[in-house]
Amino acid sequence: MVHQQSSQPRLSPTSDTKDMEDRQDIVTLLAPRLAYFAGVARTEHVTRAAQEMNVPQSTLSRAMVRLEEDLGVDLFARRGRTVSLTTAGRTFLASVERALAEIERAADEVRADADPTTGKVAFGFLHTMGAETVPGLLHAFRADHPRVRFSLVQNYGEAMLERLRAGELDLCLTSPVPDAPDLVARRLDEQKLRLVVPADHRLATRRRIRLAEAAEETFVTLEPGYGLRRITDALCREAGFKPRIAFEGEEAETLRGLVAAGLGVALLPPPAVARPGVVELTVTAPRAVREIGVAWLEGRPDTPPVAAFTKFLLSRRGNLLPA
């Protein structure tokens, strides 16, 4: 048969790509036979190994022959019904046993994480939820599920949604409540935002304020990408101005400290503990709140502990935040 050369240039794989493909091919070939090989090596008898592993002897014998053919080396010296490892076989066995032990460990770990009683939930939440809200939620949930374990991640909203999509989190508390086709999100509560001003500020004697009255103030805010920053920008825009930013940070309590130091004012949720040096004003217009919701990946199969914690969070609608 004569093959005609294509008029289109063909890209040859790099040596690194070819090496990777070769490794994948050999792993695909070898993986199903490794447990068989370890069993035969342990018993040094194909019939006995077949009985212990509950497979036909013919299947086991063929698997060992194919394994040696794929590797291109003799793993066993055969003497009648018995076999013994060659030098290459002993070298191969040491690595196979480590690989099988690691697979067994991984299987035990994922089964343990899915256990209804002692399983694990990978849960993300906003920094501002960490002082009171999340500890209170976990304490209440563990009253009925005392042995469920948690892997906790504290971060800003977009970062947690990325980790949801990467499969690193089971669910997260975030704000604003995301609207994306690959996510399921449920609104749980809303939290009032206050205008925080220094204690010696001209507005510090007020209890309430329209946000437009702070149009000439300098603001300290979270960095772009944080949900609270987007809400701050949107509320100021609704009030008719663009805030002048003096500092962008990563943590709400840091901003509160900077307000106390006189660097500016900030729109923030209530603190877990009152901070000296600042006054927190109720914003009457526009309505200054942020929605808090729970999100998870669309189509995600739930383990029993994750399903139980999701159900618990949904039961806290309207009662998520400390009074």
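1. Helix α3 (residues 46–53) packs against helix α4 (residues 57–71) at an angle of about 115 degrees, with the axes 9 Å apart. Helices here are DSSP runs of H or I with at least four residues, strands are E runs of at least two, and both are numbered from the N terminus. Axes are lines fitted to C-alpha atoms, for helices over the stretch in contact, and angles run from 0 to 180 degrees between N-to-C directions.

2. This is a predicted model: local features need pLDDT of at least 70, side-chain atom pairs count only at pLDDT 80 or more, and totals for chains, interfaces and linings use all residues. Residues are numbered from 1 along each chain as its sequence is written, and side-chain values use heavy atoms, without hydrogens and water.

3. Which residues of α3 and α4 make the contact? From α3 come Val-46, Thr-47, Ala-49, Ala-50 and Met-53; from α4 come Gln-57, Leu-60 and Ser-61. Contact means heavy atoms within 4.5 Å.

4. Now the sheet. Five strands form an open sheet in the order β4-β3-β5-β13-β6, with mixed pairing. Two strands pair if DSSP finds at least two bridges between them. β4 (149–154) and β6 (183–192) stand at the edges with a single partner strand each, so one side of each has no neighbour in the sheet. Neighbouring strands are turned by 20 degrees against each other on average, direction ignored.

5. Strand β3 (residues 120–125) pairs with β4 in the parallel sense, over six bridges. Val-121 stands opposite Phe-150 in β4.

6. Helix α7 (residues 157–165) lies across β3, β4, β5 (171–174), β6 and β13 (289–297). α7 runs at about 165 degrees to β5.
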